[in-house]
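Please have the sequence and the model open side by side.

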Amino acid sequence: MKVIKILVLLLFIFGTAGAQQTLSLTDAISKALENNYGIIIAKGNQQIAEIQNNWGTAGRYPYITLSAADNNSYNIVEGNDNVNNRFTGGAVLGWTLFDGFSVRINKTRLDELENLSKNNTALLVEGTIQSVILAYYDVLLQKEKLANVQVVMDLSNDRYDQAQQKKEYGSAVTYDVLQAQNAYLEDRASYLLQEVAYKNSKRNLAYLMAEKENIDYELTEQFEPVLAEYTLADLEAQMMANNKSLQSQFINLRLLENQIAAAKSAYSPSLDFTGGVSGTTTRLKPESADASWSKNATMYGNFTLSWNLFSGGNRKRAVQIAEIDRELADVEMDDIQHDLTNQLANLYEFYQVRKELLVLARENIQAAQLNLQISREKFESGAINSFNFRDVQQIYLNAAQGELQAIYYFIDAQTSLLRLAGVIVQDYE
């Protein structure tokens, strides 16, 4: 019987352990990068751009067309009807030998479009990493908040039980019991609402990971900030080198330069070659005679040189518009760089403030914990009334939740700073 009990206990322990899976922040990011819906779509678009980036798409290679036909007719001629069968086949080769370097220009454009697609994917990866980090720590935040509410609710429950016991022994009145009951019910309602917030945060994290199964993950990271010292100059240098939005704008600049080259190539002549072979077999069968056959074949090769000398100024206007677009893109680049520099300075200052607020929040919770401990002893000894003790409970809860919120806000500011600097992937790879 003892052996059976031990086996049952072991099965229960291992069965309970298997019901919950551990999840680190790195694992959560890996799952999101592998399964996130937006990233899958972005990678598909990137794959399309890679397929399109081909010399054949740019127009370097010739095209070959094969054709075959069978034409049949029945001619009604008085006294001598006949059947005519005509079989034709051929092959045509067309090749643009020169078109103002447009092939090379098109290939360069396809290269840049592929780079842009890759950069867009990287931009989405950065956003996903940031979202997963914040969602992961939001789960820890809501869990810690739930624990704080639990502490206050347990205190209110103990107070309610004590008030009921004192009433039974005649040392408390109904008013005291009602006050304790109201406090407990209020804390119970807060607990239930916080429990819903905790469950919702876990669902949000599961959605970012595209996790469809209802898995109750146990998060392994501690809800603690990683304090780091940054310099604004280093962050700005990293931003200019790594920021994906800025890199996308550089690619757009190169695409506009490619557009100018394409507009200028319209001034150049073009040289085309067309060659082929065709053959025809004809069968003629009169009604009153035997069938006769005839065959012929044709081979040809032609060069065509064309040069558009005047097109109503359309080419000139196209070049002018392309050059203006390029100049406007330079202005837009300056605007983006200026805006990003301002954002970085604001985030950096905000990060420093969040760090200071975190220190203040931790000092506040230490004072609130000590105040709660002393007040509980005073309340149990009758030195303070229930209203004073309730106020101290609320002060403690606000301080505890404020510390947790300060930690989360610090992580949020730090993550935003790293993403803007373009190094969030390196920090969490």
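The largest cavity is lined by L155, D158, R159, Q162, R376, F379, E380 and F389. A cavity here is a set of points, on a 1 Å grid over the protein atoms alone, where a 1.4 Å probe fits but cannot get out; lining residues have an atom within 4 Å of a point. This is a predicted model: local features need pLDDT of at least 70, side-chain atom pairs count only at pLDDT 80 or more, and totals for chains, interfaces and linings use all residues. Residues are numbered from 1 along each chain as its sequence is written, and side-chain values use heavy atoms, without hydrogens or water.

**Largest cavity**
- α5 (102-168) and α9 (314-381) are the elements that give two or more residues to its lining. Helices are DSSP runs of H or I, at least four residues, and strands are runs of E, at least two, numbered from the N terminus.
- α5 gives the most, with four residues.
- Its volume is about 60 Å³, meaning the space filled by probe spheres set on the points, which are joined across faces, edges and corners.
- The lining holds three nonpolar, one polar and four charged residues. Nonpolar covers Ala, Val, Leu, Ile, Met, Phe, Trp, Tyr, Cys and Pro; charged covers Asp, Glu, Lys and Arg; the others, Gly among them, are polar.

**Second largest cavity**
- This cavity holds about 30 Å³ of space.
- Its lining is V139, L140, K143, Y198, Y217, E218 and L219.
- Five lining residues are nonpolar, none polar and two charged.

**Count**
- The model has two cavities of 30 Å³ or more.

Terms used. On a 1 Å grid over the protein atoms alone, a cavity is a set of points where a 1.4 Å probe fits but cannot get out, and a pocket is an open set with protein on both sides within 12 Å along at least five of seven lines; lining residues have an atom within 4 Å of a point.
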